[in-house]
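Look at the structure below and keep it in view while reading. The briefing starts with a pair of strands, then turns to the sheet, a hairpin and the core.

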Amino acid sequence: APDGDNIFVDCSSDVVTITLPASPSIGNQVKIVDGTGSAATNNITVGRNSEKIQGATSDLTISTNSAAISLVYYDSTNGWRLKYND
């Protein structure tokens, strides 16, 4: 998932993993959208790629149909933060 990318995920037939950038800089952003409305059945895993997500050392799971999230990178302590939808 490159910086600034809008990723529309087709998880209608299987679980999908999206991996965040390995060496992000402050302000890098990624948007992930469940394009097929199937995330409750086939989750979307957001792989943290060694950086934290919301300060946690675990991957993020999207499990709500038609969900769309934005993540912005802050620093190595906090990692990727959920951002308001714009």
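Which residue in β4 is the bridge partner of Thr 17? The partner is Thr 45. This is a predicted model.

**The open sheet**
- Three strands form an open sheet in the order β2-β4-β5, and their pairing is mixed.
- β2 (16-19) and β5 (60-62) stand at the edges with a single partner strand each, so one side of each has no neighbour in the sheet.
- From one strand to the next, the twist averages 25°.
- β4 covers residues 44-47 and pairs with β2 in the parallel sense, over four bridges.

**The hairpin**
- β6 is joined to β7 by a hairpin, through three residues.
- β7 covers residues 79-83, and its pairing with β6 is antiparallel, over five bridges.
- Ser 70 is opposite Lys 83, a residue of β7.

- In soluble globular proteins, nonpolar side chains tend to be buried together.
- The largest nonpolar core has 18 residues, of which Val 9, Ile 32, Ile 44 and Ile 62 touch the most other members.
- Two or more residues of this core come from each of β1 (5-9), β2, β3 (29-34), β4 and β6 (68-75).
- β6 contributes the most to this core, with three residues.
- Leaving aside residues up to four places away in sequence, Ile 32 touches Ile 7, Val 9, Ile 18, Ile 44, Val 46, Ile 62, Ala 67, Ala 68 and Ile 69.

Notes
Residues are numbered from 1 along each chain as its sequence is written. This is a predicted model: local features need pLDDT of at least 70, side-chain atom pairs count only at pLDDT 80 or more; totals for chains, interfaces and linings use all residues. Side-chain values use heavy atoms; hydrogens and water are left out. Two strands pair if DSSP finds at least two bridges between them. Axes are lines fitted to C-alpha atoms, for helices over the stretch in contact, and angles run from 0 to 180 degrees between N-to-C directions. A nonpolar core is a set of buried Ala, Val, Leu, Ile, Met, Phe, Trp, Tyr and Cys residues joined through side-chain atoms within 4.5 Å. Buried means under 20% relative accessible area, exposed over 50%, partly exposed in between (1.4 Å probe, protein chains only). Contact means heavy atoms within 4.5 Å.
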